[in-house]
Amino acid sequence: MALQRTFSIIKPDATERNLTGAVNAKIEEAGLRIIAQKRIQMTRGQAETFYAVHKERPFFGELVDFMISAPVVVQVLEGEDAIVKYRDVMGATNPEQAAEGTIRKAFAKSIGENSVHGSDAAETAALEIAQFFSGNEIVG
Ligand code: ATP
Ligand code: MG
């Protein structure tokens with residue numbers, strides 16, 4: 001498997017509890033490299049664009065409100081098979097179903113406030129990275 005990049009967000013429930021470093025430790029322990037990172041306050045427009053795929057879902061409004069409720073840390077992660085590897089490290093969307101050792105098992109508060117986002121495919125990873133980073137901000 002080739003070297004791959006994925007997009008990550010450390011969500012408001014984690015930044016609020018000062019867990020940025022703890023999440024990053026799990027990312028690095030898994031063999032992923034943080035090759036770009038910045039802490040931002042997402043705008044409503046950015047959050048709506050980012051989660052547009054879910055706009056018809058009943059939780060969409062709640063999700064957007066949550067994503068702008070506090071700062072987030074956006075990241076680009078690089079490694080072998082990075083997209084699937086990060087999804088494995090994150091754990092299931094619902095922390096009650098997340099495996100031991102995963103970020104969501106350790107830190108997530110609920111299915112909505114679940115500490116991290118990770119891209120689900122190569123195409124979405126490229127789009128998500130481009131939404132938040134310019135090329136010269138990514139140093140692999
Ligand atoms: P993400 O896209 O954030 O990495 P995911 O791919 O595991 O998470 P999705 O199905 O894409 O899960 O849902 C996107 C996000 O929407 C979830 O991470 C969670 O924050 C929120 N969400 C999903 N399902 C629910 C729900 N039933 N109630 C409230 N919020 C939800
Ligand atoms: Mg998703």
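A polar contact, as I use the term here, is a pair of N or O atoms within 3.5 Å. Keep that cut-off in mind for the ligand. One caution before I start: this is a predicted model.

Let me begin with Tyr51. A side-chain N or O atom of Tyr51 lies 2.6 Å from an oxygen atom of ligand 1, so the pair falls inside the cut-off and counts as a polar contact. Asn114 also reaches the ligand through its side chain, where an N or O atom is 2.9 Å from a ligand oxygen. Gly118 takes part through its backbone, with a polar atom 3.2 Å from an oxygen of ligand 1. On its own, the ligand has 580 Å² of accessible area, and the protein covers 81% of that.

Now the wider surroundings. There are 15 residues around ligand 1, and those that come nearest are Tyr51, Thr93, Gly112, Asn114 and His117. By class, this shell holds 5 nonpolar, 6 polar and 4 charged residues.

Where does ligand 1 sit? The space it takes is the largest pocket. Helix H4, residues 60-67, helix H5, residues 82-90, and strand E4, residues 116-118, each give two or more residues to the shell around the ligand.

On to the pocket itself. The largest pocket holds about 690 Å³ of space. Its lining consists of 29 residues, and Tyr51, Val53, His54, Leu63 and His117 lie nearest the centre. Of the lining residues, 11 are nonpolar, 10 polar and 8 charged.

Which element gives the most to that lining? Helix H7 does, with 4 residues. H7 spans 122-132, and at least two lining residues each also come from helix H3, which is 44-50, and from H4, H5 and E4.

Note on methods: Residues numbered from 1 in each chain as written. Chains lettered and ligands numbered in written order. Predicted model: local features only at pLDDT ≥ 70, side-chain atom pairs only at ≥ 80, totals over all residues. Heavy atoms only, no water. Near = heavy atom within 4 Å. Polar contact = N/O pair within 3.5 Å; in protein donor to acceptor, adjacent residues only side chain to side chain. Areas by Shrake-Rupley, 256 points an atom, 1.4 Å probe, with all protein chains shown as cover. 1 Å grid on protein atoms, 1.4 Å probe; cavity = no way out; pocket = protein on both sides within 12 Å on 5 of 7 lines; lining within 4 Å. Sits in = over half its atoms within 2 Å of the grid points. Nonpolar A, V, L, I, M, F, W, Y, C, P; charged D, E, K, R; others polar. Points joined across faces, edges and corners; volume = space filled by probe spheres on them.
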